Amino acid sequence: MIYEVQGDITKTKAKAIAHGIAPNDDFKKGLAMSLRESWPSLYKDFRHYCHTKHPEAGGVWTWGAEGGLRIFNLLTQE
(Lines give C-alpha, C1' and ligand atoms only; values in the text may rest on other atoms or scores of the structure.)
Protein backbone atom coordinates (compact mmCIF):
# COMPACT_ATOMS: atom_id res chain seq x y z
CA MET A 1 0.00 0.00 0.00
CA ILE A 2 1.29 3.47 -0.86
CA TYR A 3 0.48 6.44 1.38
CA GLU A 4 0.59 10.05 0.30
CA VAL A 5 2.07 12.14 3.09
CA GLN A 6 1.16 15.77 3.52
CA GLY A 7 2.41 17.94 6.34
CA ASP A 8 4.48 16.37 9.10
CA ILE A 9 6.01 13.11 7.79
CA THR A 10 6.66 11.96 11.36
CA LYS A 11 2.87 11.54 11.70
CA THR A 12 2.66 9.06 8.80
CA LYS A 13 0.75 5.80 9.08
CA ALA A 14 3.22 4.22 6.64
CA LYS A 15 5.45 1.45 7.94
CA ALA A 16 8.66 3.05 6.63
CA ILE A 17 10.36 6.39 6.07
CA ALA A 18 13.46 6.72 3.92
CA HIS A 19 15.74 9.73 3.76
CA GLY A 20 19.22 10.61 2.57
CA ILE A 21 21.98 11.56 4.99
CA ALA A 22 25.76 11.63 5.14
CA PRO A 23 27.85 9.27 7.23
CA ASN A 24 28.32 11.03 10.60
CA ASP A 25 25.41 13.39 9.82
CA ASP A 26 24.49 15.62 12.75
CA PHE A 27 20.70 15.52 12.06
CA LYS A 28 20.45 19.31 12.51
CA LYS A 29 18.55 20.23 9.31
CA GLY A 30 15.44 19.30 7.40
CA LEU A 31 13.81 15.90 7.71
CA ALA A 32 16.73 14.52 9.72
CA MET A 33 16.13 17.16 12.39
CA SER A 34 12.41 16.32 12.52
CA LEU A 35 13.24 12.64 12.93
CA ARG A 36 15.77 13.43 15.66
CA GLU A 37 13.20 15.52 17.53
CA SER A 38 10.52 12.80 17.22
CA TRP A 39 12.81 9.88 18.08
CA PRO A 40 15.89 11.07 20.04
CA SER A 41 17.14 7.49 20.36
CA LEU A 42 17.37 7.29 16.55
CA TYR A 43 20.14 9.88 16.58
CA LYS A 44 21.85 8.34 19.61
CA ASP A 45 21.85 4.91 17.96
CA PHE A 46 23.08 6.39 14.66
CA ARG A 47 26.01 8.11 16.39
CA HIS A 48 26.93 4.81 18.05
CA TYR A 49 26.70 3.03 14.68
CA CYS A 50 28.97 5.63 13.04
CA HIS A 51 31.57 5.41 15.80
CA THR A 52 31.71 1.61 15.72
CA LYS A 53 31.25 0.82 11.99
CA HIS A 54 32.61 3.91 10.17
CA PRO A 55 29.99 3.79 7.37
CA GLU A 56 30.58 5.11 3.87
CA ALA A 57 28.25 6.62 1.28
CA GLY A 58 26.28 4.02 -0.64
CA GLY A 59 25.08 2.07 2.40
CA VAL A 60 21.90 2.05 4.42
CA TRP A 61 21.31 1.97 8.17
CA THR A 62 17.86 0.84 9.30
CA TRP A 63 16.31 1.81 12.61
CA GLY A 64 13.03 0.63 14.14
CA ALA A 65 10.64 2.80 16.15
CA GLU A 66 7.78 1.80 18.42
CA GLY A 67 4.72 0.61 16.56
CA GLY A 68 6.69 -1.13 13.82
CA LEU A 69 7.86 1.96 11.91
CA ARG A 70 11.21 1.45 10.15
CA ILE A 71 13.42 4.38 9.22
CA PHE A 72 15.82 3.74 6.36
CA ASN A 73 18.76 6.13 6.58
CA LEU A 74 20.26 6.12 3.09
CA LEU A 75 23.91 7.13 3.18
CA THR A 76 23.76 9.16 -0.02
CA GLN A 77 26.25 11.94 0.67
CA GLU A 78 29.94 12.15 1.49
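A: Asn 73 has 0% relative accessibility and therefore counts as buried; buried means under 20% relative accessible area, exposed over 50% and partly exposed in between, with a 1.4 Å probe and protein chains only. The model is predicted: local features need pLDDT of at least 70, side-chain atom pairs count only at pLDDT 80 or more, and totals for chains, interfaces and linings use all residues. Residues are numbered from 1 along each chain as its sequence is written, and side-chain values use heavy atoms, with hydrogens and water left out.

Q: In which strand is Asn 73 found?

A: Strands (E, at least two residues) are DSSP runs, numbered from the N terminus, as are helices (H or I, at least four). Asn 73 belongs to strand β3, residues 70-75. The protein follows the pattern β-α-α-β-β along the sequence.

Q: With which side chain does the side chain of Asn 73 make a polar contact?

A: A polar contact is a pair of N or O atoms within 3.5 Å; within protein, one must be able to donate a hydrogen and the other to accept it, and residues adjacent in sequence count only if both atoms are side-chain atoms. Here the partner is the side chain of His 19, at 2.7 Å. A polar atom of the Asn 73 side chain also lies 3.3 Å from the backbone oxygen of Ile 71.

Q: Which residues is Asn 73 in contact with, leaving aside its neighbours within four places in sequence?

A: Contact means heavy atoms within 4.5 Å. On that basis, Asn 73 touches His 19, Ile 21, Phe 27, Leu 42, Gly 59, Val 60, Trp 61 and Trp 63.
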